[in-house]
Amino acid sequence: MTSPRTAFILESCAIVTGDAAGTVLENRSIGVDKRGTIVYVGPADAAPHLPGARRINLHGKFVLPGLINAHAHLFSDGRPLHPALTSERGGAIAAKVFNTLPGRALMRKRTKANILTQLNSGVTGLRSLGDPGYEVVEAREAIEAGEYVGPRILASGPLLAATGGHGVPQIALVNDSPWEGRRNVRHNLRNGATCIKIAATGGVTDARSLGEAGRPQLTEEEMAAICDEAHEAGVIVAAHAQGEVGVTAALKAGVDTIEHGCPLTPEMVELFKNNPRSLRGYSALVPTLIPALPLARLDTEVTKVNDVVKQNGIAIFEGVVIGTGTDSACTYVTHYSLWRELDYLVRFGGMTPAQALHAATQTNAEILGWGEITGRVEEGFAADLVVVDANPLESFRNLSAPHMVITRGHLIEEPAFETLDELDAVLDGI
């Protein structure tokens, strides 16, 4: 079980607020009570007395809101997947292995390890969007029960896809009619899912023919039934969607977030801004650069993917719209790589550093329904914080080795995680 939280004061630090303007507040202190709630943010010389509070001198350090990864998977570590695992036959074998007792035990072990890697790299909130079973649900429940310290988690369980669709059979349930979609939503919710993921179109990694990535798979009617069922339970729906036809249909069906995306049309823009079928009346865009960029930019001798996957990766990368979330566990996407996504958003996506950090903190908190709880260094918010040695707005690489991570008031004073150095060396060359 986790040890009880204690009150503490972070003294004499600079606060990177995470707003879109890039505001940095110098010489501040942050007081946190025993509940893990921020009770003071202000000048260092005016911090109130907190009975029994530990005082932690952070002179020269920078404190920012904990990062939120809005698109994660937890079944693998980011090493390039063997081509056999993404073939139809290999995928079926892998799915059977996942569902054995040893397979489920392995998935639980991997899931916990990958969650802790995300946390130690500065991620204090994540949304898992498609895993073999309900191991992420189990991990979330263990964290909430105090069995170990972890981030906030929204977990989808297996995603929902058409026969032969993206993610089938490794991490997806099959539905080929509106009522099958409703049934699968009910099944996932019954098993503890707190969000739903669908595959509106084909994907890159498991594409088996040129042009499959972005090709529509679920119908608008099927997606609308899924959205209606989830929304009745107050749960948001994410759609893997690439390509104009698939993205537009998913938006019309009422999905709450589009994952990956494509070049926007006026119709899409209007649906993002005003979507009456979505849960909150609007839809958000959470595209990712990390999964597609290495496949598009690196030689297949390096990535070990076939030419079909490479060409699909190029097509999606050229049309990607900027957002935040990593698609961790996919080929070349490690669980400590959110800083890379932010770096790519600036270098390849045209965002400012402040806009990219804002997306990974305050904006993601709003998208996931945590906007009144986390994502800000403000009084009344949870103490979900990252402490780094240098200003991340000057280089997002400054986020790659946090000095300290705080989640719901729990201090992780020496965050550490295993890195995949050979993989990182390749990515550093992009």
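Arg127 and Glu259 are both buried (under 20% relative accessible area, with exposed over 50% and partly exposed in between; 1.4 Å probe, protein chains only). Their side chains meet in a salt bridge at 3.0 Å, N to O (a side-chain nitrogen of Lys or Arg within 4 Å of a carboxyl oxygen of Asp or Glu). The pair links distant parts of the chain, with Arg127 in strand E7 (residues 123-128) and Glu259 in strand E13 (residues 257-260), 132 residues apart. Strands (E, at least two residues) and helices (H or I, at least four) are DSSP runs numbered from the N terminus.

The model is predicted: local features need pLDDT of at least 70, side-chain atom pairs count only at pLDDT 80 or more, and totals for chains, interfaces and linings use all residues. Residues are numbered from 1 along each chain as its sequence is written, and side-chain values use heavy atoms, leaving out hydrogens and water.

The structure holds 20 salt bridges. Another one joins Asp228 and Arg182 at 3.9 Å, N to O. Asp228 lies in helix H6 and Arg182 in helix H5, 46 residues apart. Asp228 is partly exposed, at 25% relative accessible area. Arg182 counts as buried, at 15%.

Within helix H12 (residues 338-347), Asp343 and Arg347 lie four residues apart, about one turn of the helix. Their side chains meet in a salt bridge at 2.9 Å, N to O. Asp343 counts as buried, at 19% relative accessibility. Arg347 is partly exposed, with a relative accessible area of 44%.
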